[in-house]
Amino acid sequence: MRWFWLTFFIVCPIAAVVFCVIAPGMDWWFPSEAGSPLGERIDSLFNLILYIVTGTFIGTQIALVYVLWKSSKKDDERAWFSHGSHNLEVIWTIVPAGILLFIALYQMDVWAEYRVVSKFPKEARKAPVAEVMARQFEWRIRYPEPGRILQIQQQPTDLYAVNELIVPAAKPVMIYLKTQDVQHSFFLPELRVKQDAVPGQIIPVWFEATEPGEYVLVCAELCGWGHYKMGARVVALAEEQFEAAMEELAEEQSDDGFADAGDSDDE
Amino acid sequence: MSVAHSVSHDAHGDAHGHGHEQSFISKYVFSTDHKVIGIQFLVTTLLMLMVGGALALGVRWQLAFPWESMPLVGRLLFSGEGGQISPEFYTMLFTMHATVMIFLVIIPILAGAFGNFLIPLMIGADDMAFPVLNMLSYWFMWPAIFCFFASFFSAGNGAAAGWTSYPVLSALPQAAPASGMAQNWWLVGVTLVGVSSMMGSVNYMTTIINMRAPGMTLFRMPLTIWAMFITAILQAFALPVLTAAGFMLVADRLLGTCFFIPAGLVVNNADPTVGGGQPLLWQHLFWFYSHPAVYIMLLPAMGMVSDMLANAARKPLFGYKPMVYSMAAIAGLGFIVWGHHMFTSGMNPALGMTFMTSTMMIALPSAIKTFNWIGTIWGGKIEFNTVTLNSVAFVSMFVVGGLSGIFMAAVPVDIYIHDTYFIVAHFHYVLFGATLFGLFGAIFFWYPKMFGRKMNEGLGKAHFFFTFLGANGTFFPMHLLGVAGMPRRYADPYLHPYLEHFLPMNQFMTYSAILMGCAQFLLLFNFAYSMFYGEKVGRNPWKANGLEWTAPSPPGHGNFDVLPVCYRGPYEYSSPLVEEDFLLQTEYLSPPDKAEPVKEPEHA
Ligand code: HEM
Ligand SMILES: [Cu+2]
Ligand SMILES: [Cu+2]
C-alpha cells in the first residue's frame with residue numbers, strides 16, 4: 001500500500017503539470033495572443049507568475065512526497081524528536097516575502113497605466129469614442145456625430161448602435177462605461193480588458209486594438225438570468241474605414257426614408 | 001425538521017451511559033451538552049453537504065449538457081420545465097449551491113461541529129461556558145435552514161443574485177423578477193446563520209479564555225484550539241458588518257430605503273429609481289465580512305490538520321510558535337485585504353495597489369504554514385491510514401489554491417481572470433481541496449472519541465481515493481477555462497464561439513463531479529455503519545497526547561472522570577523521556593520535564 005499512495009501523491013501533481021504544458025497546444029489556453037499592447041504586458045506578468053508558481057508547486061509537491069517516502073519506511077526507528085528549526089523558519093519567511101513583494105511591486109506600472117485616468121494616453125483621454133451603456137441584456141452604444149466630441153449628456157445628434165462597438169484600430173481609444181440598470185462588466189477577453197459597469201457611475205476605460213478585426217465583448221458580472229447571453233463585439237477598423245463607418249452610421253440614422261430629404265433628426 | 005430530529009438521535013444512539021438521569025428530549029434533542037450539540041451539528045451539516053452537492057451536480061449538468069433534460073431526476077425536480085434547466089433556474093442553482101455550502105456546511109461544520117465537540121475536551125473543561133447559549137446556537141440553524149429552503153421553493157425561482165448578492169440586482173425586485181420573495185428569505189436566512197455563529201463565537205472565546213484546565217497555558221494549547229479561538233475572534237468582529245449590511249439590503253427591498261440604489265436607474269422598464277445610494281458600499285461591507293469569512297472556513301481545518309499530522313508522523317509539530325503566529329497574522333491581515341475582490345469594481349485605483357500588496361502579504365503566513373506541515377512529516381514515522389491520506393491531501397491541495405491566489409492578487413492579471421473560472425478553481429481548491437479534506441480527516445480522527453468505535457479503514461481509503469481523483473478532475477481544468485476567459489455564472493458559455501470547444505472538457509469535469517458525488521455515499525455509509533459495527537476502541541486509539549484522549553470514548557456528561565492537569569505541550573511525540581512514542585499532556589513525570597521543552601534541533 002505504501003508504494004501505491006506514494007505513487008498516487010506524485011502522479012497527480014505530475015498529471016497537473018502535464019495538463020498545463022499541453023494546454024496551449026490543445027487550444028486550452030488564452031483565447032488568442034493578446035490583441036493590445038497593455039494586454040501583452042498583462043500576459044507577460046501572468047507568465048512571470050506562472051513560472052514562479054510552477055516552480056513552487058513542483059518544489060513543494062516533491063518535498064511533500066519525499067518526506068512521506070522517507071518517513072514511511074522507518075521500521076523500528078523512532079521519529080526524529082525535533083520541535084523545528086529557527087533558521088529554517090527565518091529562511092522560509094524571508095525568501096517568500098521577498099518574492100511576493102517583488103511580484104506586487106512589479107505589477108504597479110501596468111495597473112497604473114490601465115486604471116489611473118491621469119496616466120491614460122492623452123489622445124484617448126481627449127476624445128472618448130463612445131459611451132457604452134449596459135442593460136439587461138445588451139450593450140447600447142452611443143457615438144458622437146462625426147466631427148463632434150462625446151458629451152456626458154445625450155445630444156440630439158448622437159448616433160446609436162446595439163451590441164457592436166466600432167473603434168479605430170492601432171490607437172488608444174477611451175470609452176465611457178455605464179449601466180442603465182444593474183451591475184455588469186465590460187469584458188474583452190482578447191484585449192485583456194475588464195471593467196465593471198457600476199450603477200450610478202460613469203467609468204472611463206481605455207484600450208487599444210493593435211490590429212483591425214473583430215473582438216468578443218461579453219459580460220463578466222452576474223446581471224440576471226440572461227447574463228450568459230450578453231455577447232457582443234468590438235470592431236476595430238483602420239482609421240479611414242472607421243471614419244467612413246461613422247459617416248455611414250450618421251447617414252443611416254438621419255435617413256427618414258424619403259429619397260430626397262436628408263435633414264431630419266435621428267429617430 | 002422531523003428528519004433531522006430522528007437522524008440526530010440515531011447519531012448518538014450509543015453516546016449515553018454516563019451522566020444523570022435526563023429525559024430523552026433534554027438529553028438528545030434540546031441538549032446543552034457540548035458533545036451532543038457538536039454531533040447534532042455534524043450530522044446536520046453532513047446532510048446539508050449532500051444537498052449542496054446535489055445542487056452542484058445540477059450546475060454541472062447544465063455545463064456539460066446545456067439545455068438537455070436531466071435523466072431520471074430532472075422531471076422530479078423541475079417538472080414545470082420538462083426536466084430542463086432554465087437560465088433562471090440555473091442562476092438559482094449556483095446561488096443556492098454556494099449558500100448551502102458556505103453557510104450551512106463549511107462554517108457550521110468547522111466551528112459548530114468540531115469547535116463544539118473539541119474545545120472543552122481539548123482544554124480540559126467539563127462543558128462550554130454557556131451551555132444554553134450553545135444549544136440555541138444549534139437551534140438557530142433550523143430557522144436559517146428553513147429560510148433558505150423557503151427561498152428555494154418560493155414562487156418563481158429562488159434567490160438568484162449569487163452568494164455575493166450584489167445590489168442593484170439583489171436590491172430591486174424588478175431586476176430579477178423571478179426571485180421576489182426568495183431574496184428576502186435568503187437575506188433573513190443569512191442573518192439567522194449569523195446569529196447562530198455569533199452565539200458560538202462568544203461561547204468559544206469565553207470558554208477558551210476562562211475554562212482551561214490547570215497547567216493548560218496558552219502556548220500549551222493544541223493548534224486546533226488556537227485555530228478555533230482565532231476563528232471565533234474573526235467571526236465576532238466581522239459578522240456584525242454583514243448583519244448590518246443585510247438589514248440595509250432588506251430595508252432597500254422592503255421599506256423603500258436606498259442605501260445601495262443610485263438615482264435614475266431604469267430597471268426592466270419600471271420607473272426610474274429615486275436613489276441616492278451606492279452599490280459599491282455593499283461590496284465593501286460584504287467583503288469586509290466575507291474575506292475574513294474565507295479564513296473562518298479554513299483556519300479550524302488548518303488547526304485540526306496540524307494536530308493530525310503531528311500524530312500521524314509521531315513527531316512534534318514543526319515550529320509550533322511560528323504556526324500560531326502565522327495563524328494570527330492571517331487573521332489580522334484578513335481584515336485589510338477585502339478589496340482584492342473588487343479590483344475591477346471601479347473603486348479608486350490607488351486602493352487596487354494597496355490591496356494587492358496586503359494580499360500578497362497574506363500569502364506569506366500561508367506559505368509558512370505549508371512549509372511547517374512538510375517539516376512535521378520530515379523525519380517522522382508515518383503510516384498511510386485514512387487520517388494521514390486526507391491530511392496530506394489537505395496540504396497538497398492547499399498549495400494549489402494558495403498559489404492560484406497569487407495570480408489573482410496581482411491586479412493587472414486579475415483584470416483578465418477576475419470573474420472567470422480561474423476564481424472558481426481557486427476557491428474550490430482552498431475550500432474543497434483544503435478544508436473539506438481536512439474535515440474528512442478530522443471525522444475519521446475524532447470519530448472514535450465521539451462514538452467509541454473506529455470508522456472502517458477500507459471504506460475510508462476508497463472514499464479518499466475517489467474523492468481526491470474526482471475533486472482534481474473537476475476543479476483542476478477550471479484553471480484552464482479561466483485562462484481561456486470563460487466567465488463564471490454562465491448558463492450557456494458555448495453561445496460564444498471562443499468557448500465552443502470547451503464542451504468536451506466540461507463534460508469530463510461533470511463526470512468527475514458525479515464520481516466525487518457518488519463517493520460521498522461511502523462516507524455517509526461508513527459514518528452510519530461504524531456507529532454500530534465499527535471496531536470498538538479504548539480511550540486513546542491513536543496514541544495521541546491531547547487531553548481529550550484521557551476521557552472515556554465516548555465521554556460521559558462532564559467529560560473527565562478526574563479533573564485533568566496539563567504538564568506540557570500537546571506534541572511531545574517520540575520524546576526521549578519515555579518509552580512509548582507519545583507522552584500525554586496529563587502525564588506527570590518525575591523529575592518533571594522542562595515546562596516548555598525548547599530543544600535545539602540537531603541539524604538544519
Ligand atoms: C494564499 C492566500 C490567498 C490569496 C493570495 C487569495 C487571493 C484571492 C483573490 C485576489 C481573490 C479575488 C479574485 C477575484 O475575484 O478576482 C480571491 C477570491 C476568493 N478566495 Fe482567495 N486567496 C487566498 C486564500 C484563500 C483561502 C485560504 C480561501 C478559503 C478558505 C480563499 C477563498 C476565496 C474565495 C471563496 C474567493 C472567491 C469569492 C467569490 O468571488 O465568490 N482564498 N482570493
Ligand atoms: Cu452580466
Ligand atoms: Cu478574499
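Setting aside neighbours within four places in sequence, B:Thr273 touches B:Leu172, B:Ile261, B:Pro262, B:Ala263, B:Gly264 and B:Leu265, where contact means heavy atoms within 4.5 Å. This is a predicted model: local features need pLDDT of at least 70, side-chain atom pairs count only at pLDDT 80 or more, and totals for chains, interfaces and linings use all residues. Residues are numbered from 1 along each chain as its sequence is written, chains are lettered from A and ligands numbered from 1 in the order written, and side-chain values use heavy atoms, leaving out hydrogens and water.

B:Thr273 sits in the loop between α9 (223-254) and α10 of chain B; helices here are DSSP runs of H or I, at least four residues, numbered from the N terminus. With a relative accessible area of 13%, B:Thr273 is buried (under 20%, 1.4 Å probe, protein chains only). Its side chain reaches the backbone oxygen of B:Pro262 at 2.8 Å and the backbone nitrogen of B:Leu265 at 2.9 Å.

Now for ligand 1. It has 22 residues around it, with B:Asp414 and B:His418 among the closest (a heavy atom within 4 Å counts as near). α16(B) gives the largest share of that shell, five residues. Here are some of the N or O pairs involving side chains:

| Side chain | Ligand 1 atom | Distance |
|---|---|---|
| B:Trp163 | oxygen | 2.9 Å |
| B:His426 | nitrogen | 2.9 Å |
| B:Arg488 | oxygen | 2.9 Å |

Conventions
A polar contact is a pair of N or O atoms within 3.5 Å; within protein, one must be able to donate a hydrogen and the other to accept it, and residues adjacent in sequence count only if both atoms are side-chain atoms. Helices (H or I, at least four residues) and strands (E, at least two) are DSSP runs, numbered from the N terminus. Buried means under 20% relative accessible area, exposed over 50%, partly exposed in between (1.4 Å probe, protein chains only).
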